[in-house]
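Here is a walk through a predicted model of two protein chains. Start with the fold of one chain, then turn to the place where the two chains meet.

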Amino acid sequence: MHVFLTIGSTRFDSLIASAFTELFLSSLRKKGYSTLVIQCGNSAFEFSGDIQNGETQTLSRAGVEIEFWKFKPSLQEDYEKADLVISHAGSGTILDVLRMPKPMIVVPNPTLLDNHQEELASTLEEMGHLKAATVENLPNVINEYDPSNIVPFPPFDGSRFARIIDEVMGFI
Amino acid sequence: MFFAFFVLTVVLSVFRLYIILPGSRKRSSHVVRTPRTYTIAVYLGSGGHTSEAVTLMSSLDPNKCNRRIYVINDGDDLSLRKALELETKVAKQEKSSYSILSIPRARRVHQSLITTPLAALYSLMVCSYHLTLLPLFSHGHRTFADILILNGPGTCFILCIAVYINKFFGFHAPYIVFVETFARVNSLSLSGKLVRPFADRFVTQWPDIQAVQERSKHWLV
């Protein structure tokens with residue numbers, strides 16, 4: 001099984017650093033995940049020098065085959081291939097992944113100014129759509145996570161906004 | 001004499017602003033137009049704001065909303081790409097038109113506080129040129145748009161000011177619809193707080209106090 005880890009358009013040093021630790025990788029291995037792709041963004045970590053010009057690097061550690069790079073124009077393909085997506089708690093990524101639908105663990109980025117990632121993550125966790133974690137408890141959350149308990153995310157419904165605009169225009 | 005004139009100008013300006021602010025008068029319902037088509041302008045602010053704004057635009061029937069204007073920041077290639085992606089899907093279905101309007105950023109990340117007001121003023125001038133001057137002197141479309149959709153970030157406030165310049169002088173001004181981002185569950189964003197007094201329609205996607213299972217009814221993206 002395959003895991004995709006993404007941190008968005010900025011940097012998330014602590015999450016990327018922990019993704020390369022034996023502790024994290026062995027928790028994945030225990031749950032049957034043997035391949036991992038990491039989108040690193042501009043994070044600084046032990047191998048960031050190896051990908052700074054847009055390269056893709058591979059590495060094998062704790063029985064997990066790892067591929068990592070900085071950015072891609074679209075992550076749609078990576079979401080599709082993944083059996084589990086681990087991500088920062090950006091709202092765009094959350095909407096994209098839950099609508100696939102794919103099981104998801106989000107880690108709010110505590111270094112972001114005006115941090116509202118936390119409130120979105122915990123609210124959606126309360127509703128049962130995803131699992132929220134911190135960098136520290138991520139290996140535990142992976143161990144305990146059972147994707148079969150996910151509450152399905154409601155599909156996109158464009159009629160609500162269309163109705164608002166129709167009201168504004170005086171059509172209804 | 002000059003002072004009296006100055007005070008009179010200020011008083012009249014404040015009174016004018018009071019009249020044009022939403023909520024200071026009874027909301028008049030819009031007249032049904034024939035044909036039932038309209039022009040929408042939408043600001044694609046970057047990243048998550050752009051994704052949500054493009055999703056909102058995808059909700060609209062291109063037969064009714066037959067002219068679409070995407071307002072993007074100079075050099076924001078990602079937003080440009082997302083707008084064009086959506087338009088390729090629309091073009092497959094309908095005959096309708098769209099345009100891209102590129103405006104200078106009001107503030108770059110890490111820009112110094114001294115040059116920010118200058119950049120914001122320049123951005124406002126460009127916005128005013130497109131929202132006020134062009135429609136006033138053009139023979140084609142006499143109005144910029146019927147509706148302007150904003151969802152942040154802070155820079156969208158410049159467009160809001162440009163709309164209010166039109167309202168101030170009694171020119172045709174788009175109806176401002178602000179949609180707070182899906183990311184804000186418990187509190188408004190800075191742009192939400194800024195635009196709120198000026199928006200003709202202010203929409204949030206999460207209710208403040210309600211049972212968890214009721215919330216999903218309000219998502220727009």
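Two residues count as in contact when heavy atoms lie within 4.5 Å. With that cut-off, take the contacts in chain A between residues at least 6 apart in sequence: 64% of them join residues at least 24 apart. Chain A has seven helices and seven strands. Read from the N terminus, the order of its elements is β-α-α-β-β-β-α-β-α-β-α-β-α-α. The C-alpha trace of chain A spans about 60 × 35 × 30 Å along its principal axes. Of the 172 residues in chain A, 49% are buried.

Now look at the interface. Here 28 residues of chain A are in contact with 39 residues of chain B. Together the two chains bury about 3,100 Å², and 67% of that is on carbon and sulfur atoms. Three residues stand out: A:F161, A:M169 and A:F171 supply 23% of the area that chain A buries against chain B, more than any other three residues.

Polar links cross the interface as well. The rule finds two salt bridges there. In one of them, B:K64 pairs with A:D166, with the closest N and O atoms 2.9 Å apart. Seven residue pairs are in polar contact across the interface, both partners being at pLDDT 80 or more. On the chain A side, α4 (91–98), α5 (117–126) and α7 (159–169) each supply at least two of the residues that touch chain B. Helix α7(A) gives the most, with nine residues. By class, this side of chain A has 15 nonpolar, six polar and seven charged residues.

Which of its residues are buried? They are A:F161, A:A162, A:I164, A:I165, A:D166, A:V168 and A:M169. The buried residues of α7(A) pack against β1 (39–44), α2 (47–58), β4, β5 (175–179) and β6 (201–203) of chain B. Just after the helix, A:G170 takes a positive phi of about 80°.

How far can chain B be trusted? Its pLDDT averages 85, and 86% of the residues score at least 70. Among the elements of chain B, strand β4 (residues 147–150) has the highest confidence, at 97, and helix α3 (residues 77–93) the lowest, at a mean of 88. Over residues 209–216 of chain B the pLDDT is below 50. Beyond near neighbours in sequence, this stretch still has 13 contacts in the model. Where pLDDT is low, predicted coordinates should not be read in detail.

Definitions and conventions. Residues numbered from 1 in each chain as written. Chains lettered and ligands numbered in written order. Predicted model: local features only at pLDDT ≥ 70, side-chain atom pairs only at ≥ 80, totals over all residues. Heavy atoms only, no water. Buried area = accessible area lost by both parts, 1.4 Å probe. Salt bridge = Lys/Arg side-chain N within 4 Å of Asp/Glu carboxyl O. Polar contact = N/O pair within 3.5 Å; in protein donor to acceptor, adjacent residues only side chain to side chain. Helix = DSSP H or I, 4+ residues; strand = E, 2+ residues; numbered from the N terminus. Nonpolar A, V, L, I, M, F, W, Y, C, P; charged D, E, K, R; others polar. pLDDT = per-residue confidence, 0-100. Buried < 20%, exposed > 50% of the residue type's maximum accessible area, 1.4 Å probe, protein only.
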